[in-house]
Amino acid sequence: MLKSLYISNFVLIDELVYEPASGFSVVTGETGAGKSIILGALGLLTGKRADSTMLRPGAKKCVIEAVFSNPGKPVWDLIAQEDIEPDDDACIVRREISSNGKSRAFVNDTPASLSLLKSLGEVLIDIHSQHKNLLLSNTSFQLDVLDTIASDREELNRYRQIFTAYEALKREATELKALREQDIQEHDYLAFQYNQLVEAGLQPDELPGLEEEARELAHAQEIKQELTRFYQAFMDDERGASAALHVASEALKQASKYMTAVKELQERLHACSVELDDIVLETDALNEKINYDPERLALVSDRIDLINSLLMKHKKQTTDELLILQDELSCRLGVIEHYDERIEEIERRIEDCRAQLVLQGEQLYRMRSEAARTVSSHVVKELSKLGIPHIRFEVDMERSEQPGKDGFDSATFLFSANPDIRPEPVAGIASGGEVARLMLTLKALIAKHKSLPTIIFDEIDTGVSGDIAERIGVIMREMGAVMQVVAVTHLPQIAAAGKEHFFVYKDVAEGQTRTRIKKLEDEERIQEVARMQSGGNLSPVALAAAGELIKKSR
């Protein structure tokens, strides 16, 4: 419930504190006193747009703060999602507006977004003005009323879970079909690319080896000629390097008999001689293997050209990258070739999901139909007491072939205030006063079935008076037994029914106008109700009548 509201420097308000009680209380005041200003301030706490024109002239900053006690689990859940710490058993919402037009919001002294304020506003307070009656033209609101009376939240949540899965499967099927159509058009080209790579028989890191082999084959004769010349340079019997090394080695060997240092040199020369002999033998072996093979050269060259053409075509650098591409094409072709199987499987799951939706939807329909009878009976009974004796009210339930997010059902409230006129949709046939009374009876019925936030009725009693106004006051007082209800009213019958009475007025001092609010004591309350009944003539008769009305309403 709204425990307190603090407003400073907002329009005509310099500073104001409003502390409504639990149950049903009323707010009255002459037209233009500032009742709408207070409601406007409350509206800012529910995330509505703010600007610098809302500041009291000359003020640098406007502050609006509301304290809600025992707000309940939905509020704590919203706060927890934003990592905001709870403040004991209260939720404190504050809005600050600077003269430069900047606005800041806080929840429990922690900076908060306007979207959070909007979400909190939906579960903390319901400011029900005349334009809220337009909800009766909203079929979603009408269905929501039935769901509230039916207490089908668990069944509806289960339906929505199935519907979410159903819609996801439908999107997946649609996307798969679109991909199939797109990929089928590319299938032949992808298959050609894949087959070309497979037929190439590529090997990892193949190209460098082929290029080296091609160089050897292309220059086989030059290589063989140079290797032969190398062999001859070493192995010539008279002038070869081998013979010279042998002579040199013998010379050092003889000298080493007389000088130890020469022996080490002779050993080193001998080691070089052995290594050179090995080089000569290996070179000779290579020479034997090398043959000029033009057919092999042509084959290797063609292979290199094929690989280079594939690298260029696919913009790759190595055969390893081409092999990766080959695997990717294989996978993609596999996907294309199995699209029908995947789509068939998803469509089977869609049908299973739809069957579950139908069963769950039928359960919802039965519960809503029962709730529709309850709503119709309640509305007829209550509106007949509110000056519509010939009320005809029905709930037209229609079922669609296609599921929606809230079921297969739609509900339309049909209304007629005359016995000879067939009921038609409320929005098109009921007068403003009739719609206001209908909305009140629905709110009263809803209050018996679920916990509602603080509700403020802003002059929804327009167009009624007398016994009807008195009955409206009774309904609001009954609602106040289970929730906090505030009525902003000009009707004395409703004002008399309140548990507490607050009066909004203008105070002019030193050339400045300020909006004030005060809680009326018993005598002040009698005077205010008398003023509402008879204008400014507060005669003893008027005061006595006002006192009697208040006593009767209690």
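## Sheets and the helices packed around them

Modeller: In this predicted model, an open sheet is formed by 6 strands, in the order β2-β1-β4-β5-β6-β7, with antiparallel pairing (two strands pair if DSSP finds at least two bridges between them; strands are DSSP runs of E with at least two residues, helices are runs of H or I with at least four, and both are numbered from the N terminus). Because β2 (13-18) and β7 (110-112) stand at the edges with a single partner strand each, one side of each is left without a neighbour in the sheet. From one strand to the next the twist averages 15° (axes are lines fitted to C-alpha atoms, for helices over the stretch in contact, and angles run from 0 to 180 degrees between N-to-C directions). Inside this sheet, strand β5 (residues 90-98) pairs with strand β6 (residues 103-107) in the antiparallel sense over 5 bridges, and the bridge partner of Ile97 in β6 is Ser103.

Residues are numbered from 1 along each chain as its sequence is written. Local features need pLDDT of at least 70 and side-chain atom pairs count only at pLDDT 80 or more, while totals for chains, interfaces and linings use all residues, and side-chain values use heavy atoms, without hydrogens and water.

A second open sheet, also with antiparallel pairing, has 3 strands in the order β9-β10-β11. Here β9 (392-404) and β11 (424-425) are the edge strands, each with a single partner strand, so one side of each is left without a neighbour in the sheet. Between β9 and strand β10 (residues 407-416) there are 9 bridges, in the antiparallel sense, and Met397 has Ala411 in β10 as its bridge partner. Helix α4 (residues 139-150) packs on this sheet by touching β9 and β10, and its direction makes about 100° with that of β10. Helix α12 (residues 339-385) also packs on the sheet, touching β9 and β10, but its direction makes about 170° with that of β9.

Turning to helix against helix, the axes of α5 (residues 153-200) and α11 (residues 319-337) come within 9 Å and cross at roughly 145°. Among the α5 residues that meet α11 are Ile184, His187, Leu190, Tyr194, Leu197 and Val198, and the α11 residues that meet α5 include Leu322, Gln326, Leu329 and Leu333 (contact means heavy atoms within 4.5 Å). One of these, Gln326, lies in helix α11 and counts as buried because its relative accessibility is 16%. Leaving aside neighbours within four places in sequence, Gln326 is in contact with Tyr194, Leu197 and Val198.

Finally, helix α17 (residues 522-534) has 13 residues, and its buried residues are Arg525, Ile526, Glu528, Val529, Ala530 and Met532. Those buried residues of α17 pack against the strands β3 (24-28) and β14 (500-509) and against the helices α16 (492-497) and α18 (540-553). Just after α17, Gly535 takes a positive phi of about 80°.

Terms used
Buried means under 20% relative accessible area, exposed over 50%, partly exposed in between (1.4 Å probe, protein chains only). The expected span of a helix is 1.5 Å times one less than its number of residues.
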